[in-house]
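Please look over the pockets of the model shown here, with attention to the residues that line them.

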Amino acid sequence: MNTICGLVAGWKIAGPRAGTGYVAAFSYGLTALVAMVVMALFFNSFGMMIKRSLRKLYDGPGEAVTDVFALFIEHGTMILTPEILATLLIGGFAGGLITEFFGRRFS
């Protein structure tokens, strides 16, 4: 699921901006990174809510929907470690630079 979120964010956000320069590559690499993280957190939280709802852990649909956002915050705080943040930032920068390289080469 996370890989698909990364592919969609890269294709839709970073890809169209390729060819604007290596300085801009850092910017759209980070933009795609943030979009990927938000999508991944949402879809993982939604999937966990579906699993919990199939176990009948919610009293109604309103409680299930609000739990998606509680799970989003819970999962978001779990990734706020220096190691994960550093990996994401380096990956965002590298992804932007690689996108820029191939955007210049094949445009």
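Which residues line the second largest pocket?

## Second largest pocket

The lining of the second largest pocket is made up of Asn2, Met36, Val37, Ala40, Leu41, Asn44, His75, Met78, Ile79, Ile84 and Leu88, where a pocket is, on a 1 Å grid over the protein atoms alone, an open set of points where a 1.4 Å probe fits, with protein on both sides within 12 Å along at least five of seven lines, and lining residues have an atom within 4 Å of a point. Its volume is about 210 Å³, a volume being the space filled by probe spheres set on the points, which are joined across faces, edges and corners.

By class, 8 are nonpolar, 3 polar and none charged, with Ala, Val, Leu, Ile, Met, Phe, Trp, Tyr, Cys and Pro counted as nonpolar, Asp, Glu, Lys and Arg as charged, and the others, Gly among them, as polar.

## Largest pocket

The largest pocket has a volume of about 270 Å³, and of its 15 lining residues Gly6, Ala9, Gly10, Ala32 and Gly95 are the closest to the centre. Two or more lining residues come from each of helix 1 (2-17), helix 2 (22-54) and helix 4 (82-106), with the largest share, 6 residues, from helix 1. This lining has 7 nonpolar and 8 polar residues and no charged ones.

## Basis of the values

The model is predicted, so that local features need pLDDT of at least 70 and side-chain atom pairs count only at pLDDT 80 or more, while totals for chains, interfaces and linings use all residues. Residues are numbered from 1 along each chain as its sequence is written, and side-chain values use heavy atoms, with hydrogens and water left out.

Notes: Helices (H or I, at least four residues) and strands (E, at least two) are DSSP runs, numbered from the N terminus.
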